[in-house]
Amino acid sequence: MKAAIIYSSITGNTVTLAEAIELEMRQNKIDVDLIPINELDYQQLSCYDTIVIGTYTWGNGDIPPEMDELFFTIETRDFQNVTTGVFGTGDSFYPYFCGAVDLFRDMLYVHTNLAVTLKVELLPQSEDLAKVKTFCQRLVTPLVTV
Ligand SMILES: Cc1cc2nc3c(=O)[nH]c(=O)nc-3n(C[C@H](O)[C@H](O)[C@H](O)COP(=O)(O)O)c2cc1C
């Protein structure tokens with residue numbers, strides 16, 4: 001299995017979670033690339049059987065602008081056989097907590113084999129990091145729709 005974690009992070013919360021997920025996947029012997037969105041080569045996306053997306057939330061529950069192209073690419077190209085997960089950090093002070101995770105989740109559910117989602121309040125704490133194990137287990141045993 002070849003996996004990519006593609007993420008966006010401005011103040012460091014989401015990258016902290018991305019690195020924890022990367023570590024857990026490596027410990028599970030998954031071959032994984034950790035890719036900041038600004039370094040993503042869109043031609044390489046088809047090389048991965050598993051794509052994990054990490055995003056903070058912007059504006060009023062919005063996807064950050066730098067993640068729009070990834071969203072559109074997955075929505076419009078054929079990723080039906082790709083297993084996906086989405087995680088993010090947000091601030092529950094805002095009305096749409098981790099709204100970007102919800103927006104990606106709804107799209108990935110339709111266009112890919114969505115396995116798991118995770119939302120974290122700001123900087124991941126030890127109890128959040130415990131959820132990373134479950135997140136990675138779900139990725140390797142995706143839901144099957146019959
Ligand atoms: C202008 C602005 C708007 C935000 N809007 C939301 C929001 O609608 N929902 C939410 O959950 N968090 C929102 N946040 C909080 C960020 O998503 C949160 O701080 C996140 O952890 C930042 O991730 P990063 O450290 O990886 O950049 C907003 C933050 C800023 C500065």
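**Entry 1: ground rules**

I am working from a predicted model, in which local features need pLDDT of at least 70 and side-chain atom pairs count only at pLDDT 80 or more, while totals for chains, interfaces and linings use all residues. Residues are numbered from 1 along each chain as its sequence is written, and side-chain values use heavy atoms, with hydrogens and water left out.

**Entry 2: the sheet**

I looked up the strand order and found an open sheet of five strands, β2-β1-β3-β4-β5, with parallel pairing. For my own reference, strands are DSSP runs of E of at least two residues and helices are runs of H or I of at least four, numbered from the N terminus; two strands pair if DSSP finds at least two bridges between them. The edges are β2 (31-36) and β5 (113-121), each of which pairs on one side only. Neighbouring strands in this sheet are turned by 15° against each other on average, direction ignored; axes here are lines fitted to C-alpha atoms, for helices over the stretch in contact, and angles run from 0 to 180 degrees between N-to-C directions.

I then checked β1 (residues 2-7), which pairs with β2 in the parallel sense over six bridges. For Y7, the bridge partner in β2 is P36. Helix α3 (residues 99-111) packs on the sheet, where it touches β3 (50-56), β4 (83-90) and β5, and its direction makes about 175° with that of β5; contact means heavy atoms within 4.5 Å.

**Entry 3: salt bridges**

How many salt bridges does a search of the whole structure find? I noted seven, a salt bridge being a side-chain nitrogen of Lys or Arg within 4 Å of a carboxyl oxygen of Asp or Glu.

I looked at K2 and D33, whose side chains meet in a salt bridge at 3.3 Å, N to O. This pair links distant parts of the chain, with K2 in strand β1 and D33 in strand β2, 31 residues apart. K2 counts as partly exposed at 25% relative accessibility, and D33 is also partly exposed, with a relative accessible area of 25%; the classes are buried under 20% relative accessible area, exposed over 50% and partly exposed in between, with a 1.4 Å probe and protein chains only.

I turned to E24 and K133, which form a salt bridge with their closest N and O atoms 3.7 Å apart. E24 lies in helix α1 (residues 13-27) and K133 in helix α4 (residues 126-140), so the pair ties together parts that are 109 residues apart in sequence. Is E24 buried or exposed? I found E24 buried, at 12% relative accessible area, whereas K133 is partly exposed at 44%. Leaving aside neighbours within four places in sequence, I recorded V132, K133 and C136 as the contacts of E24.

D102 and K119 form another salt bridge, the closest N and O atoms being 2.9 Å apart. D102 sits in helix α3 and K119 in strand β5, 17 residues apart. Both are partly exposed, D102 with a relative accessible area of 21% and K119 with 32%. I also noted that D102, R105, D106 and K119 are linked in a network of salt bridges.

**Entry 4: nonpolar cores**

A nonpolar core is a set of buried Ala, Val, Leu, Ile, Met, Phe, Trp, Tyr and Cys residues joined through side-chain atoms within 4.5 Å. The largest one has 25 residues, of which I6, I53, L70 and F104 touch the most other members. At least two residues of this core come from each of β1, β3, α2 (68-76) and α3, and the largest share, five residues, comes from α3. I listed what F104 touches, not counting residues up to four places away in sequence, and found I53, T55, I63, M67, F71 and V86. Apart from this core lies another, of 20 residues, among them I21, V116, V132 and C136.

**Entry 5: cysteines**

My search of the whole structure for disulfides, meaning pairs of cysteine sulfur atoms within 2.5 Å, gave zero. The sulfur of C98 is 17 Å from the closest cysteine sulfur, in C136, which is too far for a bond. C98 is buried at 1% relative accessible area, while C47 is partly exposed at 43%.
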